[in-house]
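Below is a short briefing on a single protein chain.

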Amino acid sequence: METVSTSKAYGGIQGVYRHASTATGTDMTFAVYVPPHDEGARLPVLWFLAGLTCTHANVMDKGEYRRACADLGVILVAPDTSPRGDDVPDDEAYDFGKGAGFYVDATEEPWAKNFRMRSYVEDELPAVIAAQFPMADMARQGIMGHSMGGHGALTIGLRNPDRFRSVSAFSPIVSPLQCPWGEKALSGYLGPDRMAWRAYDACALIEDGARVAALLVDQGDADGFLVEQLKPELLAKACEAAGIDLTLRIQPGYDHSYNFISTFMADHVAWHAERLG
């Protein structure tokens, strides 16, 4: 692991790191904030998955999480959204290709070789964190994300309830099977078999039996993507049928931007910290 940069914030260290990923076949960059802590302390780990067109830097620069993480003793890890590099296939559209990995393991060409963000986030990067950050208590993990990253957080959390004690999201794509962004991405990365898509759809996972104890979702009612792409009412319906404790907060006047996320970030960090101990 290569250290790209480190700086002090709220008594802790904000770092950016790079390593050669076997999952994606590329170098991958990620951010880690380690709050101030006593020597030998073990701290819970909270993952933040970014949305379309973003990298690790978006939440690091605009998410305003460090004070809350420092106060509550929580490590925050922010991976990239997709593989990158000159040899990595791409698409001209902003919602497919680089910056739009959708946290899936692609099976279709030319994407299958590099676009393996599910394996990267679920398996490879956690192993790197465990090896390189001895204060990280990998038995206490939570996950959250925004938009496409909210989709990633919900689906990864639902597929791995034994690993993630807490799951939340900002403006998530709750059902890629039922929105234009999701249909484009999942058909492109996974092919036409819609049954294969269900592992990457939070509502479908819940319908198929996946369970977590509780979910927290914040959604702005001035979000331009709300009606066509995000559809939080579908998640509410699925959770009600499954008996999942969903706290869905519709925030009046807020849009899809990091101004919205930063407003409620401390709430989410505190919600996770309570469940992670």
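E7 and E8 pair in the parallel sense over three bridges; two strands count as paired if DSSP finds at least two bridges between them. This is a predicted model: local features need pLDDT of at least 70, side-chain atom pairs count only at pLDDT 80 or more, and totals for chains, interfaces and linings use all residues. Residues are numbered from 1 along each chain as its sequence is written, and side-chain values use heavy atoms, with hydrogens and water left out. Helices (H or I, at least four residues) and strands (E, at least two) are DSSP runs, numbered from the N terminus.

- Asp-218 in E8 is the bridge partner of Phe-170.
- Strand E6 (residues 136-146) also pairs with E7, in the parallel sense, over six bridges. Here Ile-143 has Val-167 of E7 as its bridge partner.
- E8 pairs in the parallel sense with strand E9 (residues 245-251) over seven bridges. Gln-219 stands opposite Ile-250 in E9.
- Six of the seven residues of E7 (residues 164-170) are buried, so this strand is largely enclosed by the rest of the structure. Buried means under 20% relative accessible area, exposed over 50%, and partly exposed in between (1.4 Å probe, protein chains only).
- In E8 (residues 214-220), seven of the seven residues are buried, so E8 too is largely enclosed by the rest of the structure.
- In a regular strand the side chains alternate between the two faces of the sheet.
- Both faces of E8 are covered. Ala-214, Leu-216, Asp-218 and Gly-220 are buried on one side, and Leu-215, Val-217 and Gln-219 on the other.

**Helix H5**

- Which residues of helix H5 (residues 180-190) are buried? They are Trp-181, Gly-182, Ala-185, Leu-186, Tyr-189 and Leu-190.
- Seen down the axis of H5, these residues fall within an arc of 105°, so they line one face of the helix. The arc is that of the directions from the helix axis to the C-beta atoms.
- An α-helix has 3.6 residues a turn, so residues three or four places apart point the same way.
- The buried residues of H5 pack against helix H6 (194-197) and helix H8 (226-230); contact means heavy atoms within 4.5 Å.

**Nonpolar cores**

- The largest nonpolar core has 66 residues, and Tyr-189 and Leu-235 touch the most other members. Such a core is a set of buried Ala, Val, Leu, Ile, Met, Phe, Trp, Tyr and Cys residues joined through side-chain atoms within 4.5 Å.
- Helix H3 (residues 117-132) supplies the largest share of this core, six residues.
- Not counting residues up to four places away in sequence, Leu-235 touches Leu-154, Val-174, Cys-203, Ile-206, Leu-215, Val-217 and Leu-246.
- A second, separate core of 26 residues includes Ala-50, Cys-54, Phe-264 and Met-265.

**Cysteines**

- How many disulfides does a search of the whole structure find? It finds zero; a disulfide is a pair of cysteine sulfur atoms within 2.5 Å.
- The closest cysteine sulfur to that of Cys-54 is in Cys-179, 17 Å away and too far for a bond. Cys-54 is buried, at 8% relative accessible area.
- Cys-239 is in no disulfide, and the nearest cysteine sulfur, that of Cys-203, is 7.4 Å away. Cys-239 is buried, at 1% relative accessibility.

**Polar side chains**

- Asp-105 is in the loop between strand E5 (75-78) and H3. Asp-105 counts as buried at 13% relative accessibility.
- The side chains of Asp-105 and Ser-119 are joined by a polar contact of 2.5 Å. A polar contact is a pair of N or O atoms within 3.5 Å; within protein, one must be able to donate a hydrogen and the other to accept it, and residues adjacent in sequence count only if both atoms are side-chain atoms.
- The Asp-105 side chain also reaches the backbone nitrogen of Arg-118 at 3.3 Å.
- Thr-155 lies in helix H4 (residues 148-159) and is buried, at 0% relative accessibility. A polar atom of the Thr-155 side chain lies 2.9 Å from the backbone oxygen of His-151.
- Glu-274 in helix H10 (residues 258-276) is exposed, with a relative accessible area of 63%.
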